[in-house]
Amino acid sequence: MSQSANLVQTAPHTAASNASAATTALLGRILISAIFILSGISKITAPAMIMGYIESVGLPFPAVALGVAVLVEVVGGIVLVLGYQTRAVAAFLALFSVVTALAFHNNLADQNQFIHFFKNIAMAGGLLQVVVLGAGQYSLDARRS
């Protein structure tokens, strides 16, 4: 065994470490959901502006696209916080984040678009962690099992 492998030790699984992991998972879900919920609410408060933006990228049916985006962001964000069907919701939100990055933030020569593109990609990466690790103990998923 290498010297560096000897330095890595795993913490024993105790009730305190399980509670800490569950709390951290809940906090992570809240933090990653916040951007979806707030973005969805902001779309509700300025629908004409958002529909104009949707039209400007060439997508058809801007009113429908707005409704879908609000539904995905608000409902998806809330359901992720609650930890219901967490892996499926996180996977869908990750896909949504990548699709919206490609559709709306693809002018990487524009620094603002560049930042938004990689913000969406980073969000997708965090959501994929949720897909792999699940919701944790403090979730509706844990109560169902």
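Q: At what angle do helix 5 and helix 6 pack, and how far apart are their axes?
A: Two packed helices are described by the angle between their axes and the distance between the axes. In this predicted model, helix 5 (residues 86–104) and helix 6 (residues 111–133) pack at about 165°, and their axes are 8 Å apart. That angle makes helix 5 roughly antiparallel to helix 6, because angles over 145 degrees count as roughly antiparallel. The crossing of helix 5 past helix 6 is left-handed.

Q: Which residues in helix 5 and helix 6 meet?
A: On the side of helix 5, the residues include Ala90, Leu93, Ala94 and Phe104. Among those they meet in helix 6 are Phe117, Ile121, Leu127, Val130 and Val131. By class, the contact of helix 5 with helix 6 has 18 nonpolar, five polar and one charged residues.

Q: Which residues of the largest nonpolar core touch the most other members?
A: This core has 15 residues, and those touching the most other members are Phe36, Leu80, Val89, Ala90, Leu93, Phe96 and Leu127. Helix 2 (15–45), helix 4 (62–82), helix 5 and helix 6 are the elements that each give two or more residues to this core. Helix 5 gives the most, with five residues. Another core, of six residues, lies apart from this one and has Ile50, Ile54, Val70 and Phe104 among its members.

Q: Is Leu80 buried or exposed?
A: Leu80, which is found in helix 4, has a relative accessible area of 0% and is therefore buried, as buried means under 20%.

Q: What does Leu80 touch, not counting residues up to four places away in sequence?
A: Leu80 touches Arg29, Ile32, Ser33, Thr86, Val89, Ala90, Leu93, Leu127 and Val130. Ala90, leaving aside its own neighbours within four places in sequence, is in contact with Leu80, Leu127, Val130 and Val131. As for distance along the chain and in space, Leu80 and Ala63 are 17 residues apart in sequence and 25 Å apart, C-alpha to C-alpha.

Q: What residues make the contact of helix 3 and helix 4?
A: Helix 3 takes part through Pro47, Ile50, Met51, Ile54 and Glu55, and helix 4 through Pro62, Ala63, Ala65 and Leu66. Eight of the residues in this contact are nonpolar, none is polar and one is charged.

How values were computed:
Residues numbered from 1 in each chain as written. Predicted model: local features only at pLDDT ≥ 70, side-chain atom pairs only at ≥ 80, totals over all residues. Heavy atoms only, no water. Axes fitted to C-alpha atoms, helices over the stretch in contact; angles between N-to-C directions. Helix = DSSP H or I, 4+ residues; strand = E, 2+ residues; numbered from the N terminus. Parallel < 35°, antiparallel > 145°, perpendicular 65-115°, else oblique. Left-handed = near helix turned anticlockwise from the far one by under 90°. Contact = heavy atoms within 4.5 Å. Nonpolar A, V, L, I, M, F, W, Y, C, P; charged D, E, K, R; others polar. Core = buried A, V, L, I, M, F, W, Y, C linked by side-chain atoms within 4.5 Å. Buried < 20%, exposed > 50% of the residue type's maximum accessible area, 1.4 Å probe, protein only.
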